[in-house]
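Visitor: I have a model open and want to go through it with you. Can we sort out the terms as we go?

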Amino acid sequence: MDTKTLCLAVLSMGDASGYEIKKRVEEVFSRFMDVAPSGIYAALKLLEREGFVSARVVVQDGRPNKTVYTLLERGRTVLAASLQASEGRHKIRSELVTLLMFADLLPPAKLRDVLAHRIAELEQIKAETEAATGVCRPGHRFLVRMGMELADAELAFLRRNVPGFLDELGRSQNRQDRKTSDDLVGSDL
């Protein structure tokens with residue numbers, strides 16, 4: 001999804017300033033999409049020029065004025081067409097997956113720290129998801145339930161399997177260290 005479509009999607013949930021859109025993108029959408037929040041203000045200007053959103057300046061006491069954007073019917077139509085054209089692919093881009101794939105090359109302490117961080121991150125996601133009770137769209141409610149199920153399942157898996165995984169890696173690395181040591185003893189060094 002490009003930045004313009006993402007802005008339209010956020011505005012479909014209600015009027016928002018550029019800052020509010022940027023914040024929502026960073027806090028919500030960046031968890032499951034590659035997004036560039038830096039392009040949001042430029043995208044909003046383009047959407048306004050194209051007649052997909054309107055902008056109004058809101059005067060604030062003691063603070064700079066802010067521009068609030070509203071999704072227009074033409075923008076809603078473009079958003080719906082963009083969503084309809086999407087294949088809905090589900091991609092996983094994860095440094096964690098890469099680290100785990102090559103876990104045998106890392107010290108167990110590094111993996112223990114990475115996995116502890118993931119568990120803390122999942123607990124945070126669960127807390128945020130549980131707090132998302134004010135969502136009104138059926139898709140939002142479905143995603144909240146799905147997010148909770150996925151976080152619960154991953155947490156249960158990690159809690160059950162991390163200790164054995166780290167033990168296995170430690171034993172494997174100890175065998176490799178002994179083999180390397182034996183090879184060095186038998187060499188001409």
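Guide: Burial first: buried means under 20% relative accessible area, exposed means over 50%, and partly exposed is in between, with a 1.4 Å probe and protein chains only. This is a predicted model, where local features need pLDDT of at least 70, side-chain atom pairs count only at pLDDT 80 or more, and totals for chains, interfaces and linings use all residues. Residues are numbered from 1 along each chain as its sequence is written, and side-chain values use heavy atoms, with hydrogens and water left out.

Visitor: Methionine 146, then: which class is it in?

Guide: Methionine 146 is partly exposed, at a relative accessible area of 37%. Its place is in helix α7, residues 138-185. Helices (H or I, at least four residues) and strands (E, at least two) are DSSP runs numbered from the N terminus.

Visitor: Zooming out, how many helices and strands are in the chain?

Guide: The chain has 7 helices and 3 strands, in the order α-β-α-α-β-β-α-α-α-α. Of its 189 residues, 25% count as buried.

Visitor: At what angle do α1 and α3 cross?

Guide: Roughly 80°, with the axes of α1 (residues 3-11) and α3 (residues 40-49) coming within 9 Å. The two helices are therefore roughly perpendicular. Axes are lines fitted to C-alpha atoms, for helices over the stretch in contact, and angles run from 0 to 180 degrees between N-to-C directions. Under 35 degrees counts as roughly parallel, over 145 as roughly antiparallel, 65 to 115 as roughly perpendicular, and the rest as oblique.

Visitor: Which residues meet there?

Guide: From α1, Thr3, Lys4, Cys7, Leu8 and Leu11; from α3, Ile40, Ala43, Leu44, Leu46 and Leu47. Contact means heavy atoms within 4.5 Å.

Visitor: Lysine 4 again. What does its side chain meet in a salt bridge?

Guide: The side chain of glutamate 50, at 3.1 Å from N to O. Glutamate 50 lies in the loop between α3 and β2 (53-58) and lysine 4 in α1, so the pair ties together parts 46 residues apart in sequence. Glutamate 50 is partly exposed at 26%, and lysine 4 is partly exposed at 28%. A salt bridge is a side-chain nitrogen of Lys or Arg within 4 Å of a carboxyl oxygen of Asp or Glu.

Visitor: How many salt bridges does the structure hold?

Guide: There are 8. One of them joins glutamate 26 and lysine 22, with the closest N and O atoms 2.9 Å apart. These two are 4 residues apart in helix α2 (residues 18-27), which puts about one helical turn between them.

Visitor: And arginine 118: buried or partly exposed?

Guide: Arginine 118 counts as buried, at 17% relative accessibility. Salt bridges with shared partners link Arg118, Glu121 and Glu154 in one network. Within it, the side chains of glutamate 154 and arginine 118 meet at 2.8 Å, N to O. Glutamate 154 lies in α7 and arginine 118 in α6 (residues 108-131), so this pair ties together parts 36 residues apart in sequence. Glutamate 154 is partly exposed, at 27%.
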